[in-house]
Amino acid sequence: MYYFQEDIDRALSDKVFHIISEAADSLGIEACVIGGYVRDIFLRRRSKDIDVVAVGSGIELAGAVAGRIGRKATLSVFKNFGTAQIRWGDTEIEFVGARRESYHRESRKPVVEDGTLEDDRNRRDFTINAIAICLNRERFGELIDPLGGLDDIENLRIVTPLDPDITFSDDPLRMMRAVRFASQLGFFIDPDTFDAIERNKQRIEIISEERVVDELNKIVLSPKPSVGFNLLERCGLLQIIFPELCALKGVETIAGIGHKENFAHTLMVLDSLSKQSDNLWLRWSALLHDIGKPATKRFDNRLGWTFHNHNFVGEKMVPAIFRRLKLPMNEKMKYVQKMVSLHMRPINLVDDEVTDSAVRRLLFDAGNDIEDLMMLCEADITSKNPDKVRLLLDNFRLVREKLVEIEEKDSVRNFQPPVSGEEIMEMYGLPPSRPVGVLKEFIKNAILDGIIPNEYEAALQFMKQKAEEMGLQARGL
């Protein structure tokens, strides 16, 4: 691959590289910048994460660099791994000594030994990440690429430095990384390398879920996530790490009637949404929006294939999926649950007459996530019939207009009933109890159904009427 030395010089113009150079020379250590930072120079991508390999002690070199930077640098040392990290402003530098690295068959932790620069290159995952640039003063900016990583960048090829069976057996997470780079960078995986992933796929089971899902999240956030998920399915990794998604594959036919291929549809929705939003959890919502379909698939002689309540079944599946994958079991998970549960609601509004009551309830249930929900629903239109797509998008535009109109008129997004539970308890001398909740629910539904406006006096009079019907008597009467 032809390259401009000016690209390297520009990338190394940052003061930190000259500080590393001085520190390495003072210690008599050969030092190179290597990995993703170097790769991204030639891909014209911005990168602030710098990996430095030292033929000697990476920790010692990091200490010397931190000393030269001064108080603005934060040094972290990880003696067990023989690595160190410096944070300086928004720059992060990882230091490691050149090493050989391997895994026992059933271990998640590598056996690490000191090695040469060649050993260190060979232990890298792919040739595109094994390109190095020397930082010592005598050879500052010199490119080191004996494995042909530059040519592989030019040819958009992902290939391992060594026999791929050895590379993937040593660290099985590299199989996920191969797929992630293909999805992120638009590269293809070398056929021999891909075949090795298929052969070694079961080895992924020794890797922690946290490391696997970190790669999975990067695939979800890639420009075209379907590339990554299709590769994961083809090589067999997806069945091991995410069987619920694999269950969407395939088309069943009865009486000559087949249903939509839900795996392909899901990836189309994810790709479509990815053009509009880089919200990781909204993208996860797209990935999981139809996850309940395999469990709800039925064939009806009159209706054909049905997936009744797949959104509610999918909502219930989300926590177990998040727990197993070690995704966060917090508001992010609840957000995905909400998106999966509600994704049919705007579509149903399109199918039926758009009533104020239905729109109020959607706005109340979606709250501040209503715009995300509408984006998901619009991405869910994957029909190849342009007239149908145009009709659905026009109807969604009508729903959006109605949402704005109702919000301006009734202010029901995230609203609380104007009459509080405390006021109801005080007025009727009640402890916290079911009747209090029932009255609040009456008020909420009356507002959402348009029976009363979202105003205090109207809500108070309505509440008194309902309390009387329930046989409750206000204090002092």
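How many bridges join strand β2 to β5, and in which direction do the two strands run? The structure is a predicted model, in which local features need pLDDT of at least 70 and side-chain atom pairs count only at pLDDT 80 or more, while totals for chains, interfaces and linings use all residues. Residues are numbered from 1 along each chain as its sequence is written, and side-chain values use heavy atoms, with hydrogens and water left out.

Helices (H or I, at least four residues) and strands (E, at least two) are DSSP runs, numbered from the N terminus. Strand β2 (residues 49–55) is joined to β5 by six bridges, and the two run parallel; strands are said to pair if DSSP finds at least two bridges between them. Within β5, Gly 97 is the residue that Ala 54 stands opposite. Strand β4 (residues 83–88) is also joined to β5 by six bridges, but here the strands run antiparallel. Thr 83 has Val 96 of β5 as its bridge partner. The hairpin of β4 and β5 has two residues between the strands, and Gly 89 takes a positive phi near 65° in this hairpin. Strand β5 itself (residues 91–97) is mostly covered, with six of its seven residues buried. Here, buried means under 20% relative accessible area, exposed means over 50%, and partly exposed lies in between (1.4 Å probe, protein chains only).

Positive phi values also turn up in loops. Arg 44, in the loop between α3 (36–42) and β2, has a positive phi near 55°. Arg 44 has a relative accessible area of 56%, so it is exposed. Leu 156 likewise has a positive phi, near 55°, and is found in the loop between α6 (149–154) and β10 (157–158). With 39% relative accessibility, Leu 156 counts as partly exposed.

Turning to the helices, Pro 164 lies in α7 (residues 164–170). Pro 164 counts as buried because its relative accessibility is 14%. Leaving aside residues up to four places away in sequence, Pro 164 touches Asp 192, Thr 193 and Ala 196, where contact means heavy atoms within 4.5 Å. Pro 164 and Thr 127 are 37 residues apart along the chain, and their C-alpha atoms are separated by 11 Å.

In helix α11 (residues 225–235), the buried residues include Pro 225, Phe 229, Leu 232 and Cys 235. Gly 236 follows α11 and has a positive phi, near 95°. Helix α21 (residues 370–379) has nine of its 10 residues buried, so it is largely enclosed by the rest of the structure. Among the buried residues of α21 are Asp 372, Met 374, Cys 377 and Glu 378.

Helix α23 (residues 421–428) packs against helix α25 (residues 456–469) at an angle of about 50°, with the axes 12 Å apart. Axes are lines fitted to C-alpha atoms, for helices over the stretch in contact, and angles run from 0 to 180 degrees between N-to-C directions. The angle makes α23 oblique to α25; under 35 degrees counts as roughly parallel, over 145 as roughly antiparallel, 65 to 115 as roughly perpendicular and the rest as oblique. The contact is made by Glu 423, Ile 424, Met 427 and Tyr 428 of α23, together with Tyr 456, Leu 460, Met 463, Lys 464 and Ala 467 of α25.
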